Amino acid sequence: MTNRDAQRNGDVGDEEEAIASAPEATATQAIRIVLADDHVVVRSGLRMLLDSDSGFEVVAEASNIEDARRYVRGHHPRVLVLDLNMPGGSSLQAIPAIRAESPDTEIVVLTMQQEPAFAREALRAGALGYVLKEAADDELVQAVRLAAAGESYLNPKLGARIAAEPPPGPPDDLSEREADVLRLIALGHTNAEIGEQLYLSVRTVETHRSHIQQKLRLSTRAELVGYALERGLIGDGG
């Protein structure tokens, strides 16, 4: 073997070694995360939880929707952990916008909302994970890791409820959101309370209410309550 052959073989060996080590280097890159929650204490606890895993890197913390979107655009995280109840707009409505602005960022919703409707809407909007705050210590790390891999995660108890209680279709050409608004109207909630529960502005609730009344040709709350009872949107006991 000539010196040139030996050098060539050595170069090939070096290249093969570099190629073999490349995937390992990629695999060990930390998953970049932006945390979005309006409570400092909650963010602090979540950060401690995620920082305890060497595979994660929290690159920014946001306390409102605007900052969350800005940090996602600026830091390009792999995962955004997003609280549903955030100042500055509806988190549910922000999910599609964030996904459009940063398609490489997956979203894990972290919330106290245990109603299946919220989970369905969050996943439909583009989130990959839905974690309840009460189970964050056990589930958030797994949900973030799965989201980073492009896989979904849903709180098991909530998933069981969704599977056991498939939602009925909205009646009389009402949208799902209009049916939600109608149910809360029938239960006696004010427009402000409905907006708070559904993460909508009061003006948006008023618009939904107007559309409901137009579609159903009903004008009073008593008529809406009667309609909701007949269609099974609320129970006889309210």
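Two strands pair if DSSP finds at least two bridges between them; helices (H or I, at least four residues) and strands (E, at least two) are DSSP runs, numbered from the N terminus. This is a predicted model, in which local features need pLDDT of at least 70, side-chain atom pairs count only at pLDDT 80 or more, and totals for chains, interfaces and linings use all residues. Residues are numbered from 1 along each chain as its sequence is written, and side-chain values use heavy atoms, with hydrogens and water left out.

Q: What makes β1 and β2 a pair?
A: Pairing needs at least two bridges, and β1 (residues 31-36) and β2 are joined by 6, in the parallel sense. V34 stands opposite A60 in β2.

Q: Why is the crossover from β1 to β2 called right-handed?
A: The chain goes from β1 through helix α2 (residues 40-51) to β2. The crossover is right-handed because, with the strands pointing away from the viewer, the path from the first strand over the helix to the second runs clockwise.

Q: Why does E178 count as buried?
A: Buried means under 20% relative accessible area (exposed is over 50%, partly exposed in between; 1.4 Å probe, protein chains only). E178 has 5% relative accessibility, so E178 counts as buried. The residue lies in helix α8 (residues 176-186).

Q: Which residues is E178 in contact with, leaving aside neighbours within four places in sequence?
A: Contact means heavy atoms within 4.5 Å. On that basis E178 is in contact with D173, H208, H211, I212 and K215.
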